[in-house]
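Hi,

Here is the structure I promised to send over.

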Amino acid sequence: MPLALLGGVLYVLIEFAWRGRSHISMFFDGGVCFVLIGLLNELAPGVPISVQAMLGACIITASELAVGMIVNRRYTVWDYRSLRPNFLGQICLCYFTLWIPLSAIAVLADDAARLVLFGEPAPPVRWL
């Protein structure tokens with residue numbers, strides 16, 4: 001639960017810095033994505049962070065599509081229709097590429113949070 005709260009707060013702060021606003025759904029989605037990305041390192045230790053970052057981008061994009069189809073179509077939290085290529089205005093290649101470095105940061109942030117909150121030692125970081 002603390003990791004989900006941390007992920008939600010961090011993502012909302014990123015949204016405020018990036019576009020000056022956010023939505024409560026992004027707090028919950030950010031928390032879920034942060035936990036799922038953190039689990040990549042827990043379930044497959046030793047996988048290079050570059051691979052985890054790509055998988056994290058896939059997790060975020062899939063989550064963005066699901067939340068987009070449920071929440072965004074009703075409240076218009078974001079709109080990617082002007083960005084090509086996009087799928088139904090909910091996900092796009094441009095943001096997928098931005099999720100890659102964000103996911104790498106999330107992996108490292110999850111390791112740091114687990115060290116501080118639970119005393120878990122950080123696993124060794126492999127980039128490639």
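By salt bridge I mean a side-chain nitrogen of Lys or Arg within 4 Å of a carboxyl oxygen of Asp or Glu.

Before going on, some housekeeping. This is a predicted model, where local features need pLDDT of at least 70 and side-chain atom pairs count only at pLDDT 80 or more, while totals for chains, interfaces and linings use all residues. Residues are numbered from 1 along each chain as its sequence is written, and side-chain values use heavy atoms, with hydrogens and water left out.

Back to the pair. Both residues sit in helix 4 (residues 93-118), and because they are 4 residues apart there, about one helical turn separates them. (Helices are DSSP runs of H or I with at least four residues, strands are runs of E with at least two, and both are numbered from the N terminus.) Arginine 114 is buried at 11% relative accessible area, and aspartate 110 is buried too, at 0%. The cut-offs are under 20% for buried, over 50% for exposed and in between for partly exposed, using a 1.4 Å probe and protein chains only.

Arginine 114 also meets glutamate 120 in a salt bridge, at 3.6 Å from N to O. Glutamate 120 is partly exposed, with a relative accessible area of 27%. Through shared partners, salt bridges link Glu42, Asp110, Arg114 and Glu120 into one network.

How many salt bridges does a search of the whole structure find? The count is 5. One of them joins arginine 81 to aspartate 79, with the closest N and O atoms 2.5 Å apart. Here arginine 81 is exposed at 53% relative accessibility, and aspartate 79 is partly exposed at 36%.

One more residue to look at is glutamine 90, in the loop between strand 1 (86-87) and strand 2 (91-92). Is glutamine 90 buried or exposed? With 5% relative accessibility, glutamine 90 counts as buried. Leaving out residues up to four places away in sequence, glutamine 90 touches several residues, including Leu65, Met69, Trp78 and Tyr80; contact here means heavy atoms within 4.5 Å.

Cheers
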